[in-house]
Amino acid sequence: MQTYYRLLCLFLLLFISVPAFSDGQPATWDTDSERVELSRFVDYWQEPSGPVGISTVTDLDTRAWSRNGSDSISLGYGDEVYWFRVELENVADHEAVTFLEIGYPVLDHIELYMNPGKPGSEALVLGDKQPFYDRPIDHRNFVVPVTLAAGKKATVYLRVDTTSSMQVPLTLWDQDAFYSAEQSRSMFEGLYYGIVLVMVLYNLFVFMAVGERSFLHYVGYITTMPLFLASLHGVAFQYLWPESTWWNDQSIIVFLNLVVLFGGMFSISFINVTRENHPGLNRWTVGLVMVAGMLATAGFFVPYRYMILPTILIGATGCSTMLVLSIVRWVRKDPAARYYTFAWVFMLFGGIVLALSKFTMLPRNLLTENATQVGSALGVILLSIALADRLDREKKRVFLAQQRLLREERKARIAQEKSLKIQQEANSLLEKRVQERTQDLESLNEQLLELNATDALTSLKNRGHFDRAFQSAVVRAYRYEEQLSLLVLDIDHFKKFNDSYGHLVGDDCLKMVAQCIRRFVTRPQDLAARYGGEEFVVMLPDTPEAGAIQVAERIRTEIERTAFRVSDEMLHLTVSIGVCSVSPGEAGATKEIFGWADEALYEAKGRGRNRVVVWESPGQAMMTVVSPA
């Protein structure tokens, strides 16, 4: 038990955040801003017993407001109505078109005022008591377009009245960044619900095949769990019942209690918590299941405000009870309790974190809000494995029983053993052949990938491979603020050379240049490629300008002094090289960097060829590294 206590303490420490105070400063938005968390910039004021108009709120003395000062706004459950105020300042030199996201979709009633007292500052009414399609942006959270004038300040007021937990997470988004983040969130949601749907169908089919009641209880559990989470996170309101505002609140109560009901019934039957072996635990679990059933039924009639606290309590108690049952049965050497215990560790962790978040004992953040989903997904997978393991053990037990019966019939047993042996050998041979074919296919795929990325003439990488690698290198250099160098090489007078000596000799010339380049591109992360025709590129990640110049000069010198035989004539080729060494200012700067290096190459051509020219920023002259005599 000491081990579990230490683990629980560690989990709690991971989710405790330190308040960050903003000293009364407004939230600032600049040119590079993509997302600003506004919670620590928010002031709040509790409305007295009667409704208060916006004019009264804007005239309040500054001392009447309380600064939130932490990374989350969470005031717990209660009947109080709160006003929130946040000041935004656009320090950029252009207008900012943003989204204001209120990331808690179960708030009942929200009135939003933008710069009250000015023209066009009418109240915008939001909340899950309004039909979903009345929202300005179709999203499971409350998202409002906000335009900030250049160099101006704007003040946003919110009046929030809700029967759920008073959590008002505010985030100001750049619109492109919001949609990009939404893609990741949607992918996470789709992955979770896809896993659950697969598990529901799989276990439903297994129940229909074997008739085991545990599978039916489990299907009920893994069906109600995602429905509860979908209701809590606003996904169900968006996609399942966008016009049913009453059911949107009550569904949270109903489905959470059904989770406890089906989870308890599944636990009793699956890990064999009977009146004979565990009378006390059995009575406690049965009582818990009955209470959850009554609360689920009451959820159709009793308003949300009276049901939410008992429901959260029964949910936390239910999760803890299932964990205790699994540990007790594991100690009693029940094989089914192995996976079951680990599954409920994940589920209990997610459930307790969510409950503590609602009671403001933990801050509301990405981890606390999604802990239940992650924990339940892992738990669902582990419980499915546990059910499969149970089926496997049942099959083995039946098999042993059959073996004992077959021992009485010697001839039939021998025939069966031979049949099983032949089948095993056939399976083994089949698996071996499948593995061999799989290995052959993997080897061929690797060869095809390598051929697809390699220039057939020079054996350097081709342009397609370079484009992909260059994009990745620019993103990495931008992320880690590293210097990225690019060399663009072009063989001088190659067209004249090709016309004079023929294309076959020209191909040999390209091979010789490629070999010279390869000698000086030796680091694993460096890349040399044939870009097209007589043009080559060399990418040097994490390389300053001096290093890039040194590599370029070595390549130029090596090519210049390498004799190239054509019949009885010894020829010498030269190349012009453009160098660009920059720390990218954005992740998509590939075209700009290549264009700068290409510009330096053309400058080298214009200055007489057979030289290295380094690109300099606008306003500075390009530097010629070598000027041949």
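Which residues are linked with Asp 43 in a network of salt bridges? The residues joined to Asp 43 in this network are Arg 67 and Arg 85, a salt bridge being a side-chain nitrogen of Lys or Arg within 4 Å of a carboxyl oxygen of Asp or Glu.

The views below show a predicted model, in which local features need pLDDT of at least 70 and side-chain atom pairs count only at pLDDT 80 or more, while totals for chains, interfaces and linings use all residues. Residues are numbered from 1 along each chain as its sequence is written, and side-chain values use heavy atoms, with hydrogens and water left out.

**View 1. The protein chain as a whole.** The protein chain holds 16 helices and 19 strands, both taken as DSSP runs numbered from the N terminus, with at least four residues of H or I for a helix and at least two of E for a strand. Of its 629 residues, 48% count as buried (buried is under 20% relative accessible area, exposed is over 50%, and partly exposed lies in between, with a 1.4 Å probe and protein chains only). Among the contacts (heavy atoms within 4.5 Å) with a separation of 6 or more, 73% involve residues 24 or more positions apart. The chain exposes about 32,500 Å², of which carbon and sulfur atoms supply 57%; these areas come from the Shrake-Rupley method with a 1.4 Å probe, and for residues only the protein chains shown count as cover.

**View 2. A nonpolar patch on the surface.** Phe 188, Trp 330, Phe 342, Phe 346, Val 374 and Leu 378 make up this patch, and together they have about 500 Å² of accessible area. Two elements, helix 9 (337-358) and helix 10 (366-406), each give two or more residues to the patch. Patches are made of residues with over 30% relative accessible area and no salt bridge, like charges being joined within 9 Å and nonpolar side chains (Val, Leu, Ile, Met, Phe, Trp, Tyr) within 5 Å. Leu 378 has its place in helix 10, and this leucine is partly exposed, with a relative accessible area of 35%.

View 3. Side chains of opposite charge can pair when their charged atoms come close. In the whole structure, a search finds 19 salt bridges. One of them joins Arg 305 to Asp 79, with the closest N and O atoms 3.1 Å apart. Because Arg 305 lies in helix 8 (residues 304-331) and Asp 79 in the loop between strand 4 (66-67) and strand 5 (82-90), the pair ties together parts that are 226 residues apart in sequence. Arg 305 is partly exposed at 41% relative accessible area, whereas Asp 79, at 64%, counts as exposed. In another pair, the side chains of Lys 605 and Asp 490 meet at 2.7 Å, N to O. Lys 605 belongs to helix 16 (residues 590-606) and Asp 490 to strand 12 (residues 484-491), so this pair ties together parts that are 115 residues apart in sequence. Both Lys 605 and Asp 490 are buried.

View 4. Strand 9 pairs with strand 6 (residues 96-102) in the antiparallel sense over 7 bridges, pairing being assigned if DSSP finds at least two bridges between two strands. In strand 9, Phe 142 is the bridge partner of Ile 102. Pro 136 is found in the loop between strand 8 (124-126) and strand 9, and is partly exposed at 38% relative accessible area. Leaving aside residues up to four places away in sequence, Pro 136 touches Leu 124, Leu 126, Val 143, Val 144 and Pro 145. The C-alpha atoms of Pro 136 and Leu 126 are separated by 9.1 Å, the two residues being 10 residues apart along the chain.

**View 5. Val 538 and its surroundings.** Val 538 lies in strand 14 (residues 535-541) and, at 0% relative accessibility, counts as buried. Val 538 and Leu 487 are 51 residues apart in sequence, yet their C-alpha atoms are 4.9 Å apart in space. Not counting residues up to four places away in sequence, the residues that Val 538 touches include Leu 486, Leu 487, Ile 517, Val 521 and Ile 555.

View 6. The structure holds 0 disulfides, a disulfide being a pair of cysteine sulfur atoms within 2.5 Å. For Cys 516, the nearest cysteine sulfur is that of Cys 509, which is 9.7 Å away. Cys 516 counts as buried at 1% relative accessibility, and Cys 580 is buried with a relative accessible area of 0%.
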